[in-house]
Amino acid sequence: MSPLDHLVIVGPGRAGLSLGYALVQAEAVLNLIVCGRRAEPPTHPLFTQGLAEYCFGLVRPQAGTAAVFLAVPDAVIPEMAHALAGLGPAPEGCAAFHLSGALSTEVLAPLHSRGYAIGSFHPLQALAHPVTGAERLPGSWVAVTGAPEAVGVARRIAAALGSPVLAVPESRRPLYHAAAVMASNFLPPLLDAASRLLERAGVPYEDALPALLPLVRGTLENIAERGVEGAVTGPVPRGYVETVGLHLRALEDTDRRL
C-alpha cells in the first residue's frame, strides 16, 4: 500500500502525537503537519528528529492532503471544526476526522459544508503517553464512523497500522465508548483498592502494586486464551462460600461494597 502524501493533525496531545508517530514509523505518510496552540512544539521525537512539521495555530491543508485529524478534547471539537472550515474549502478528496469515542460526526458539520468527507477515527487503546502510545497503536482495533469516502480513508490508515476496524453506527457510539471506558478506566482504581488491601495486610507500599501486576497480566493472558468465563479462578467458581465470607468480614464498608 502506497503511503499517504500529506496528513494534518490538529492537537499535539497524547492521542494526536501517538497517532502521528505511529503512522510515521509505519512509513504510512510522506509529510505530516501537526498544529498546536503554543508557539513552540512539545518535546517529542516527531519534532526533535525532524519527522514532522510543527505549525503554531491552524493551517489550511494543502492540495493532496488525505486527511485532517482533530485530536483535541471533545468540548473543543466544534470550535476547531468551525475554525478549520473558516480557512477555506477542503482539498480535493480530503477527509476530516475527530478522535472522540463518544461523539457523532455531527460536530464536524461545518467541515462537511466545505467539502470535507467527515468521519470519526477512535483507536481502542489507552494512550497514556505520546511515545509509548505510538508503540501500542499498531494492531489495536479502531472504531470508524462516517461518510463512505471518509470510512475508505480511515480503513486505509488503519490498514497501515495493521489495525482491524470496528464499524460503529452513529447512534451507538456512546455505548461503544462506555464499553471502552469500562474495560480500561475501571482497572486502575480496582488495582489501587487491591494495593490498599495488601498494605493493610502488611505488605510494604512499594511492593503492593508490583506484586499484583504479574497476577493481572496472567489474568489478561488467560482471558485471551480461554475467554472471560474460562479465565475466572479462585474461590467464587469453586464455590468456596466460607472463603468469600472471610473476605467480606475483613473488608471495610467501601471495599465490601466494591
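**Close-up views of a predicted model**

View 1. Setting aside residues up to four places away in sequence, I157 touches L4, L7, L23, A67, F69 and F121 (contact: heavy atoms within 4.5 Å). The model is predicted, and local features need pLDDT of at least 70, side-chain atom pairs count only at pLDDT 80 or more, and totals for chains, interfaces and linings use all residues. Residues are numbered from 1 along each chain as its sequence is written, and side-chain values use heavy atoms, with hydrogens and water left out. I157 belongs to the largest nonpolar core, which has 37 residues; L7, F69, F97, F121 and I157 touch the most other members. Helix 1 (residues 14-25) supplies the largest share of this core, 6 residues. A nonpolar core is a set of buried Ala, Val, Leu, Ile, Met, Phe, Trp, Tyr and Cys residues joined through side-chain atoms within 4.5 Å; buried means under 20% relative accessible area, exposed over 50%, and partly exposed in between (1.4 Å probe, protein chains only). Helices (H or I, at least four residues) and strands (E, at least two) are DSSP runs, numbered from the N terminus.

**View 2. The aromatic pair F69 and F121.** The two rings form an edge-to-face pair, 5.5 Å centre to centre with 75° between the planes. Rings of Phe, Tyr and Trp (its six-membered ring) pair if their centres lie within 6.5 Å; planes under 30 degrees apart count as stacked, over 60 as edge-to-face and the rest as tilted. Because F69 lies in strand 4 and F121 in strand 6 (residues 117-123), the pair ties together parts that are 52 residues apart in sequence. F69 has a relative accessible area of 0%, and F121 is likewise buried at 0%. F69, F97 and F121 form one aromatic cluster.

**View 3. T65 in strand 4.** T65 lies in strand 4 (residues 65-70) and is buried at 2% relative accessibility. Its side chain reaches the backbone oxygen of Q62 at 2.7 Å. Beyond neighbours within four places in sequence, T65 is in contact with H6, L7, V8, P91 and C94.

View 4. A208, L212 and V216 are the buried residues of helix 9, and their cover includes helix 8 (187-200). T233 is placed in the loop between helix 9 (205-230) and helix 10 (235-238), and is exposed, with a relative accessible area of 59%.

Notes. A polar contact is a pair of N or O atoms within 3.5 Å; within protein, one must be able to donate a hydrogen and the other to accept it, and residues adjacent in sequence count only if both atoms are side-chain atoms.
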